[in-house]
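Subject: Structure for your review

Dear colleague,

Please find below the structure that I am handing over to you.

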Amino acid sequence: MTDALIGGIVVFVLASFVGFEVINKVPSLLHTPLTSASNAISGITIVGSMTVVGMVTPELSNVFGVIAVVFAMINVVGGYLVSDRMLAMFGSKKKDEPEAKS
Amino acid sequence: MMQHLAELAYLLAAVIFIIGLKWLSSPLRARKGNVLSAFGMLIAIVVTLLDKQIVSYGLIAIGLLIGTVLGIWMAYAVKMTAMPQMVGLLNGFGGGASLLVAAAEWYRLIQPGQTLTTGTAVTIYLSSLVGGVTIAGSVVAALKLQGWLVPDRPVLFPGRHALSIGLILTVAAMGIYLGYNPGTMWAFIVLNVASLILGVQLVIAIGGADQPVVICLLNSYSGIAAAMTGFVINNHGLIITGALVGASGIILTNIMCKAMNRSIWNVLFGGVGVVVAGSGGDKGAAMRAKGVRTITPEDTAALLGYGKLVIVVPGYGMAVAQAQHQVRELADLLHKRGVEVLYAIHPVAGRMPGHMNVLLAEANVPYEALQDLDQINPNFDRADVAIVIGANDVVNPAARHDTSSPIYGMPILDADKAQHIIVMKRSMNPGFAGIENELFYDSKTQMLFGDAKKSLLTLINEVRVLE
């Protein structure tokens, strides 16, 4: 067991609890956009994909890395855009609400 | 120094994701929350590009460009009814990326001159496992929802549990073997293939109506896969973010399971959703003998038009008939006549959590009128009419009192408590669970048979001519 691994586990466990707390009170109205937005966030693996491609690596690793970048980017871009499309529909009727003055 | 700055920037991105998710839980700020979260992602991407480890940008740029174009195209081409399979598919891409990063790192680290530590090796194998299950499972789930190639019903074959256990053991065995013989290509390939088959196997056994749970669960997996990738490349930002998504997916899965009165194990391994042929037995036969009452659109229009409160109970049948716009038109007409119209949304209405809300929002139904189970149930008492459109099991009172019913204990919408119940339905076929619905045989219930969209159009005309 390395220090890095232990540190990672600590971070993972604590972040999971933060996730539970943050999501717990979401109204069912927003479940679909929330799912697709958190889905987009899981596209964070793009960071890993780009790191692998950018390093000096054997060719096969590069090939995998580039495909991974494409996949992760589809996940990120597609995920945020579909969420926005859905959320725009929820927001459209709020034009004349007091909230609009902000 | 640069490395430390990058670490801090990833932390900043993770914090932004947390705030974004927080905002996403309020209808007023949800859209901003999504944009904020996208901004966090931008930070993470830019920081990675600036990181000194990266020496070549050409391939990255090509990958980013292709992914962006495809992502935009997919996001705008999809219809709202097809949203569940799109989210499933996008999710699969995330899992696939994790799988590929693991493979790329593994191959790099087994080259001469590189060292593959045990810790890294374990995280790589876990990343392959979770990533493989996520991509294969998501693709199958998306195909099932779309109705392509794979049947919607659960595909069960003898020995499937043994197969699942065998696959998990295979992954473990390959991991251990690789521990002693690092760099064995065939073992790594077997590990990956077993993970992919496991993903197919887990999802193909789950029926169409349980897909909302599956989508949530796979979403959770894709987060865990991202966190594993974080372990592989030793990046805390990734670990935090992946854990967040993993946790949120688990919570939604749990909510869905509660709404169906099932445990997660039951959904995953129970093979429920298999239609128990002719269930209901004698009781069902007795109900059928009693028969149902039908109603004409004219009479329905009168009931609706002279009421004070009408509660619409939409189900997936409404979405299939693409009738949400007609529902809204009818509601608008009633509204003009001074009738209050509310919508009762069961947590599992539609094909993913909250899907019904999205479909109705697309038809410009104000979201304040969309009420969830706890909000709406006390209101059925004072409703003149509950109009059930394409919903079935979620309004079956058997869930409250019939201990022998497969849906016993499932929280339901108390449509039977309204003064009148109108059920719009294509025919008397039982719903997905294959259970006779007591509500249809209630003395206050009247059936309006026919295609939901056509019936609604007729109904709209009838309400128009009411005095």
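The notes below describe the chains, their interface, the core and several individual elements.

This is a predicted model, in which local features need pLDDT of at least 70 and side-chain atom pairs count only at pLDDT 80 or more, while totals for chains, interfaces and linings use all residues. Residues are numbered from 1 along each chain as its sequence is written, and chains are lettered from A and ligands numbered from 1 in the order in which they are written.

The two chains

Chain A comprises 4 helices and 0 strands, in the order α-α-α-α along the sequence. Helices (H or I, at least four residues) and strands (E, at least two) are DSSP runs, numbered from the N terminus. Of its 102 residues, 64% count as buried. A residue is buried if 20 or more other C-beta atoms lie within 10 Å of its own, exposed if 12 or fewer, and partly exposed in between, with C-beta atoms placed from the backbone.

Chain B holds 18 helices and 6 strands, and 53% of its 467 residues count as buried. Its C-alpha trace spans about 85 × 50 × 35 Å along the principal axes. The domain assignment (bounds from an automatic or database source) divides chain B into domain 1 (1–77), domain 2 (81–269) and domain 3 (281–464). Between domain 1 and domain 3 of chain B, the C-alpha centres are 42 Å apart.

Two residues are in contact if their C-beta atoms, placed from the backbone, lie within 7 Å. Among contacts between residues at least 6 apart in sequence, 78% in chain B join residues at least 24 apart; the corresponding value for chain A is 62%.

The interface

The contact between the chains involves 101 residues of chain B and 82 residues of chain A. On the chain B side, the elements that give two or more residues include helix 1 (2–23), helix 2 (30–50), helix 3 (58–77), helix 8 (211–232) and helix 9 (236–259). Helix 4 of chain B gives the most, with 17 residues. The chain B side consists of 61 nonpolar, 34 polar and 6 charged residues. Here Ala, Val, Leu, Ile, Met, Phe, Trp, Tyr, Cys and Pro count as nonpolar, Asp, Glu, Lys and Arg as charged, and the others, Gly among them, as polar.

The core

The largest nonpolar core contains 190 residues, and V313(B) and V388(B) have the most contacts inside it. Helix 4 (residues 59–91) of chain A gives the most to this core, namely 19 residues. Such a core is a set of buried Ala, Val, Leu, Ile, Met, Phe, Trp, Tyr and Cys residues joined through C-beta atoms within 7 Å. Residues up to four places away in sequence aside, V388(B) touches V313(B), V395(B), A415(B), I421(B), I422(B), V423(B) and M424(B).

Individual elements of chain B

Helix 6 (residues 160–180) of chain B has 21 residues and reaches 30 Å from its first C-alpha to its last, close to the 30 Å expected at 1.5 Å a residue. The expected span is 1.5 Å times one less than the number of residues. Its buried residues are L167(B), V171(B), M174(B) and L178(B). Helix 5 (118–146) and helix 7 (185–204) of chain B are included in what covers them. On the other side of helix 6, the exposed residues are H161(B), A162(B), I165(B), L169(B), I176(B) and Y180(B).

In helix 8 of chain B, 22 of the 22 residues are buried, so the helix is largely enclosed by the rest of the structure. Just after helix 8, N234(B) takes a positive phi of about 55°.

In helix 18 of chain B, the buried residues are A452(B), S455(B), L456(B), L459(B) and V463(B). These lie within an arc of 100° seen down the axis, so they line one face of the helix. The elements they pack against include helix 12 (297–305), helix 14 (324–336) and strand 4 (385–389) of chain B.

Finally, I412(B) lies in the loop between helix 17 (398–401) and strand 5 of chain B. I412(B) counts as buried because it has 23 C-beta neighbours inside 10 Å.

With kind regards

How values were computed. Arc of directions from axis to C-beta.
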